[in-house]
Amino acid sequence: MRTDYHKTTAACFIGYIVQAIVNNFVPLLFVTFQKSYHISLSKITALITINFIIQLIIDLLSAGFIDRIGYRASIITAHIFSAAGLILLTFLPELLPDAFLGIVISVIVYAVGGGLLEVLVSPIMEACPTDNKEKAMSLLHSFYCWGHMGVVLISTAFFASAGIENWKILTLIWSAVPICNLFLFANAPIFSLNAEGEKGLSVKQLFTKKIFWILMLMMMCSGASEQAVSQWASVFAEQGLGISKTAGDLAGPMAFAMLMGTSRLLYGKYGHKLDLDRFITYSCILCIASYLCISFAPVPALSLIGCAVCGFSVGIFWPGTFSKAAVSVKGGGTALFALLALAGDLGCSSGPAFAGMASFRFHNNLKAGILAAIIFPILLLLGVRLSRRYYER
């Protein structure tokens with residue numbers, strides 16, 4: 001049983017690397033698509049929105065069909081769609097009369113896989129018979145950060161050595177990751193979140209629980225607190241250090257992802273010695289401080305440091321909320337994790353959008369936009385206190 005259990009956790013870790021690939025690799029090719037297929041920049045940037053919308057739809061629908069077809073079939077399907085979308089990207093744009101349509105179809109296919117992975121991997125990991133589930137969940141989510149960093153670094157090194165014109169070769173190489181992990185999941189035991197003979201709570205039943213709405217608020221604020229800064233980190237790097245866009249992407253988002261992964265790794269290693277609510281509370285306070293540093297630092301380079309510190313502070317938010325939900329809502333099952341993923345994705349979109357709109361109102365002052373977005377970690381801090389009080393009752 002011990003060997004099988006480790007096979008399942010290894011497949012879950014790689015599953016988040018797959019999600020990092022499907023979310024972060026294609027944006028590195030946007031300029032290449034624009035030049036090779038003569039597609040306008042407005043159409044290219046719409047691909048991000050399409051990817052996000054498809055994943056939201058999957059989050060919303062998955063609560064109804066995952067339990068029917070089973071976790072194993074669902075997670076295998078997620079990997080098939082992830083690999084298929086990447087493979088289609090290498091030939092579909094040339095095959096169809098409209099290259100952009102070929103790219104859109106490819107993005108939709110791998111976005112289905114990414115959405116399923118987001119809903120499935122965490123509950124599969126949660127169901128594993130680990131000794132400390134909070135530690136395991138934090139360690140699991142750190143692999144998305146390492147995957148994000150690996151995609152950027154390996155792709156950048158490949159393009160520098162082999163040339164950007166050979167991007168299709170690298171795309172096929174990345175598609176091999178979900179294909180290999182597919183077979184790992186096919187042979188690994190998948191445990192159930194619910195006791196034998198029991199069914200998870202329905203969406204209607206979840207809606208009647210006050211703690212569910214507190215957790216939904218926390219999840220939305222987790223995604224918003226993270227992405228409100230992450231999406232603008234490269235801008236601060238360019239402005240603060242006076243470097244190129246490529247170097248800014250490495251210095252800004254890479255530093256953010258590295259420290260976010262470090263935070264999750266540390267909790268994954270020492271979480272058994274730490275109180276989760278207290279760790280999230282201190283992280284919220286550090287997050288608020290980092291927002292203030294970004295907004296009021298007199299030197300641009302200090303704002304960049306604030307971005308990096310923010311990455312460390314938000315690391316526990318997403319996996320910590322998942323762990324709290326598993327403990328607080330007994331029998332939540334697939335519906336709970338699917339709706340939490342939906343709330344998190346809504347936060348990931350609303351955070352940067354809110355910061356952007358606030359910046360526009362203050363004459364495109366990005367620091368003012370980040371300061372306005374400080375409401376998200378503040379609300380998250382409130383959610384921790386409310387959930388703690390509810391749990392004590």
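Visitor: Where is the place of threonine 32?
Guide: Threonine 32 sits in helix H2, residues 30–36. Helices here are DSSP runs of H or I with at least four residues, and strands are runs of E with at least two, numbered from the N terminus. This is a predicted model, in which local features need pLDDT of at least 70 and side-chain atom pairs count only at pLDDT 80 or more, while totals for chains, interfaces and linings use all residues. Residues are numbered from 1 along each chain as its sequence is written, and side-chain values use heavy atoms, leaving out hydrogens and water.

Visitor: Why is threonine 32 called buried?
Guide: Buried means under 20% relative accessible area, exposed means over 50%, and partly exposed lies in between (1.4 Å probe, protein chains only). Threonine 32 has 12%, so it counts as buried.

Visitor: Which residues does threonine 32 touch?
Guide: Leaving aside residues up to four places away in sequence, threonine 32 touches Tyr37, Ile164 and Trp167. Contact means heavy atoms within 4.5 Å.

Visitor: What makes phenylalanine 33 and tyrosine 37 a tilted pair?
Guide: Rings of Phe, Tyr and Trp (its six-membered ring) pair if their centres lie within 6.5 Å; planes under 30 degrees apart are stacked, over 60 edge-to-face, and the rest tilted. Here the centres are 6.1 Å apart and the planes are at 40°, so the pair is tilted. Phe33, Tyr37 and Trp167 form one aromatic cluster. Phenylalanine 33, at 0%, is buried, and so is tyrosine 37, at 16%.

Visitor: How many aromatic pairs does a search of the whole structure find?
Guide: The search finds 12.

Visitor: Why are phenylalanine 13 and phenylalanine 143 called stacked?
Guide: Their ring centres are 4.4 Å apart and their planes are at 0°, so this pair is stacked. The two are 130 residues apart, with phenylalanine 13 in helix H1 (residues 2–24) and phenylalanine 143 in helix H7.

Visitor: Is phenylalanine 143 buried or partly exposed?
Guide: Its relative accessibility is 23%, so phenylalanine 143 counts as partly exposed. Phenylalanine 13, at 15%, counts as buried.

Visitor: Which residues of H7 and H8 meet?
Guide: Gly150, Val151, Ile154, Ser155, Phe158 and Phe159 in H7 meet Trp167, Ile169, Leu170 and Trp174 in H8. By class, this contact has eight nonpolar, two polar and no charged residues. Nonpolar covers Ala, Val, Leu, Ile, Met, Phe, Trp, Tyr, Cys and Pro; charged covers Asp, Glu, Lys and Arg; the others, including Gly, are polar.
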